[in-house]
Amino acid sequence: MITTLSNFIGYVCPVCMSGIGQEVGIFRIPKKEPLVLSCKEKSCKEDVVRITQTPKGYRVEVFCVLCREMHAFDVKKSIFWQDRLYKLCCPNTDIEILFLGEKEQVIDAMHEQEALFRDFSDNMAIEQELSILFEIVTAINEKAKNCAISCNCGSEDIMVNVEDVGITLTCKTCGSEQFYGANRQDLESILNVSTIVLHK
């Protein structure tokens with residue numbers, strides 16, 4: 001049974017991790033084209049939710065923060081247009097990714113989930129940096145074994161210092177340095193050359 005003609009939808013943008021809430025009315029959803037809900041941050045505007053009418057209700061597609069892909073849900077009209085809090089969960093992790101219902105309930109639930117996703121995103125970024133750092137260390141060690149690291153002063157006595165943010169190569173003779181950050185671009189710059197030569 002339909003108990004309301006408008007509802008509040010809350011979701012978290014998978015790009016900027018902002019919590020977004022929008023009021024959606026029953027007559028706002030087109031019969032043929034999907035209703036697209038985007039991030040409201042001016043610097044983002046990422047499309048996050050698509051709602052399409054179906055014979056029995058709505059197909060709701062949500063871009064998942066965790067899986068980095070769209071998940072689709074079939075929701076009956078009687079559930080979509082009710083005043084109780086309704087949640088859509090990621091099918092792979094069972095974590096809530098969209099909230100539907102009264103504004104205050106949705107906002108409260110969304111704030112909790114927004115904090116969870118930010119922590120998850122920070123942890124994922126740290127893991128990615130460590131993975132790249134490991135690849136950089138491996139590539140540097142391989143070049144050192146092949147005597148492919150030197151300084152333009154003529155010395156091959158190079159010290160390697162590994163830190164959380166990257167790797168610094170230092171010539172023990174003249175003090176020249178080369179820093180490689182824990183990012184994909186610096187990793188590619190190492191892999192794409194046969195030798196590394198330090199310069200002042």
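**View 1. Cys 151 is tucked away, at 4% relative accessible area.** "Buried" means under 20% relative accessible area, "exposed" means over 50%, and "partly exposed" is what lies in between (1.4 Å probe, protein chains only). What you're looking at is a predicted model, where local features need pLDDT of at least 70 and side-chain atom pairs count only at pLDDT 80 or more, while totals for chains, interfaces and linings use all residues. Residues are numbered from 1 along each chain as its sequence is written, and side-chain values use heavy atoms, with hydrogens and water left out. How far is the sulfur of Cys 151 from the closest cysteine sulfur? That distance is 3.5 Å, to Cys 174, which is too far for a bond. A disulfide is a covalent bond between the sulfur atoms of two cysteines, and here it takes a pair of cysteine sulfur atoms within 2.5 Å to count as one. Searching the whole structure turns up zero disulfides. Cys 64 isn't in one either: the nearest cysteine sulfur belongs to Cys 90, 3.9 Å away. Cys 64 counts as buried too, with 0% relative accessibility.

**View 2. Strands β5 and β6 run side by side in the antiparallel sense.** Strands (E, at least two residues) and helices (H or I, at least four) are DSSP runs, numbered from the N terminus. Two strands pair if DSSP finds at least two bridges between them; β5 (residues 57-63) and β6 have seven. Follow the pairing and you'll find Tyr 58 standing opposite Val 75 in β6. Six residues sit between the strands of this hairpin, and Arg 68 takes a positive phi near 60° there.

**View 3. Salt bridges link charged side chains, including Glu 61 and Arg 50.** The rule is simple: a side-chain nitrogen of Lys or Arg within 4 Å of a carboxyl oxygen of Asp or Glu. That gives five salt bridges. In the one between Glu 61 and Arg 50, the closest N and O atoms are 3.2 Å apart. This pair links distant parts of the chain, with Glu 61 in strand β5 and Arg 50 in strand β4 (residues 47-54), eleven residues apart. Glu 61 is buried at 19% relative accessible area, while Arg 50 is partly exposed at 32%.

**View 4. Arg 59 and Asp 74 meet in a salt bridge.** Here the N to O distance is 2.6 Å. Arg 59 sits in strand β5 and Asp 74 in strand β6, so 15 residues separate these distant parts of the chain. Arg 59 is partly exposed, at 33% relative accessible area, and Asp 74 is exposed, at 57%. Lys 87 and Glu 96 form another salt bridge, at 3.3 Å from N to O. Both ends of that one are partly exposed: Lys 87 has 38% relative accessibility and Glu 96 has 21%.

**View 5. Tyr 58, Phe 80 and Trp 81 gather in one aromatic cluster.** Rings of Phe, Tyr and Trp (its six-membered ring) pair if their centres lie within 6.5 Å; planes under 30 degrees apart are stacked, over 60 edge-to-face, and the rest tilted. The whole structure holds three aromatic pairs. Tyr 58 and Trp 81 have ring centres 6.1 Å apart and planes at 80°, so their pair is edge-to-face. Tyr 58 lies in strand β5 and Trp 81 in the loop between α1 (77-80) and β7 (86-89), so the pair ties together parts 23 residues apart in sequence. Phe 80 and Trp 81 also pair edge-to-face, at 4.8 Å centre to centre and 65° between the planes. How buried is each of them? Trp 81 has 0% relative accessibility, Tyr 58 has 2% and Phe 80 has 3%, and that makes Trp 81, Tyr 58 and Phe 80 buried.

**View 6. Ile 2, Leu 5 and Phe 27 make a nonpolar patch on the surface.** Patches are made of residues with over 30% relative accessible area and no salt bridge, with like charges joined within 9 Å and nonpolar side chains (Val, Leu, Ile, Met, Phe, Trp, Tyr) within 5 Å. Together these three residues have about 370 Å² of accessible area, worked out by the Shrake-Rupley method with a 1.4 Å probe, where only the protein chains shown count as cover for residues. Phe 27 lies in the loop between β2 (19-25) and β3 (35-38) and counts as exposed, at 76% relative accessibility.
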